[in-house]
Structures are given as structure tokens and as C-alpha cells.
Amino acid sequence: MTTTNISKYSMHYMDSGEGMPILFIHPPVLTSLNFTYQIQGLSPDFRTIAFDIRGHGKSQPSEQTVTYPLIVEDIKHLMDRMSLDKVFLCGYSIGGSIVLEFLLTYPDRAWGGIVVSGMSEVNEGRLRNKISLGIALSKIGAVGTLALSIAWSQTKQLSLFRKLFSDAKQGNPRNVEQYYRYSLKYNCTSRLGEIQLPVLLVYGEEDKHFHPYAKILHQQLPNSELVFLKKADHRLPTKAAGLLNELIKQFVNRF
């Protein structure tokens, strides 16, 4: 676990293993710890990097509004600091949108992307309502309530739950709200054809509400592969870690 100053704020990140680098991006409230099983499972074969977005976990709160472009710039600065020319980017849920934004902004700095339960836009009521609830709770400072609910939904394994909750409840309410709020208006669907790099799309077979998002990405991305994991829902990094890790390993090893 390390901290570094990126664009005048202190970023917390983890860096483990050697080889082809894979950089993980978390959704609002959650932190780099959500990729605990990926770091454990993949670091024997790859260099695994996960960081806390501004105002999340152990990273310093941001005076600048948290937006996808700002997060992309932070990732680029972190890569520069680590002397990494290119990485594979892996984003979970809303973090998957950051992968797409990075590939659109800095295609020359990536080998490809892995979108796990992600989307290029929020276009239906159920997800919009969940994000709006996150905005409302963040706005009144109830990040602890969000952290408890989200951490418990990710895992019932007590030791990991405690770590996820402890980290998530440290989130800065204003920055968490900003990250949620930006996701509501973000839409890069019309630009997906610009992404020529390979993208692996992974979704749970039981995550029915996200299947339309998977279809959009698979149809619009010129070089994508779509996999549905059986007996799995939205929470793949923690609840289907073995299958997800194997898919990531196979995908990255092709390059």
C-alpha cells in the first residue's frame, strides 16, 4: 500500500506482482479493496495496480469536482509516475465507464480494456434510481449508510466485509456525490466505434438489468468479446472472482 501526490492530492494505491500491468478502477463508495481477490489471484502472473479515486478510501478529498475526465487524468499521471507506457484497464460497474473514457482519451496508453458489469450510458429507470439514491444519501452525508449496504452486498465473508466497510465509510460525501452525479449524465455510446483496442466485456448471467448495456457495448465496440458468467450476478469481482480472474488471465495473455 502506497501513497503518492498526483495533481496536488494524495492518492492511495496498491501495486503488486510483475509482468503485464493491469490497472483496476472501482465504482462510487467502494475502493481499491474491492479488487482484493483480483490482486491476490492475478499478481503471481501480472503486475496488478488498484487505486482509491479522489475522496474515496484512503485517498485525499478533492477540491476539484470529481468527473470521469479528471479520474482519467489521475490514472495517466499515476502511470507516468510508475513509468508505465501502457496498461490493461479493468473497471467494475461505473468504473467500467472510466475504462471507456480512458480508451477514448488516451488510446496510445492502453493495451486494451476489461469492462466488468459496466455501461456506456445510464438509460433505464432502475439503475438511474439506484444512482439517484446514492446521490441523495451522499448529499446528506450518509456515506456510512451507503458503505454498510454496498460492502455487505459485495461479500458475506466477514473479514473482507469489515475491510470493505472500513475503507468505504471514509469516503468524502461531496466527492462521492460528484462521482455518482457524473455517471447519470455520461454517455459515450455514440463514440464507441472510435475504440479500436480489444475490450473484454464480462457480465453475470443473472444480472438481467445489465444485459442491455452489455448488448450495446458488444454491438458498438469494433473489437469486443462478450462473456456471461453462469450463476453470477452483478458483483463479479467478489462473488465470481475465480471465473473472472481466469477470463482476465486468458484475455491479457493473448497480447
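One term before we start: a residue is called buried if its relative accessible area is under 20%, exposed if over 50%, and partly exposed in between, with a 1.4 Å probe and protein chains only. What you see is a predicted model, in which local features need pLDDT of at least 70 and side-chain atom pairs count only at pLDDT 80 or more, while totals for chains, interfaces and linings use all residues. Residues are numbered from 1 along each chain as its sequence is written, and side-chain values use heavy atoms, with hydrogens and water left out.

Helices and strands here are DSSP runs (helices H or I, at least four residues; strands E, at least two), numbered from the N terminus. Take helix 6, residues 158-168, which holds both Phe161 and Phe165, four residues apart, about one turn of the helix. Phe161 counts as buried at 11% relative accessibility, and Phe165 is partly exposed at 21%. In general, an α-helix has 3.6 residues a turn, so residues three or four places apart point the same way.

Now the rings. Rings of Phe, Tyr and Trp (its six-membered ring) pair if their centres lie within 6.5 Å; planes under 30 degrees apart are stacked, over 60 edge-to-face, and the rest tilted. How many aromatic pairs does this rule give? The count is 13. One of them is edge-to-face: Phe88 and Phe251, 5.7 Å centre to centre with 70° between the planes. Phe88 is in strand 5 (residues 87-92) and Phe251 in helix 10 (residues 241-253), so this pair ties together parts that are 163 residues apart in sequence. Phe88 is buried, with a relative accessible area of 0%, and Phe251 is buried at 3%.

Next, contacts, meaning heavy atoms within 4.5 Å. Gly204, in strand 7 (residues 199-204), is buried at 0% relative accessibility. Leaving out residues up to four places away in sequence, Gly204 touches His211, Phe228, Leu229, Ala232, Asp233 and Leu236. His211 is one of the buried residues of helix 8 (residues 211-220), along with Tyr213, Ala214, Ile216 and Leu217. Those buried residues pack against several elements, including strand 7 and helix 4.

Leu184 sits in helix 7 (residues 173-185) and is buried, with a relative accessible area of 19%. With the sequence neighbours up to four places away left out, Leu184 touches Val122, Arg128, Ile131, Ser132 and Ile135.

Last, the largest pocket. On a 1 Å grid over the protein atoms alone, a pocket is an open set of points where a 1.4 Å probe fits, with protein on both sides within 12 Å along at least five of seven lines; lining residues have an atom within 4 Å of a point. Which residues lie nearest the centre of the largest pocket? They are Lys130, Ile150, Ser153, Gln154 and His234, out of 28 lining residues. Helix 4 (125-139) and helix 5 (143-154) are the elements that give two or more residues to this lining, and helix 4 gives the most, with seven.

That is all I have; questions are welcome.
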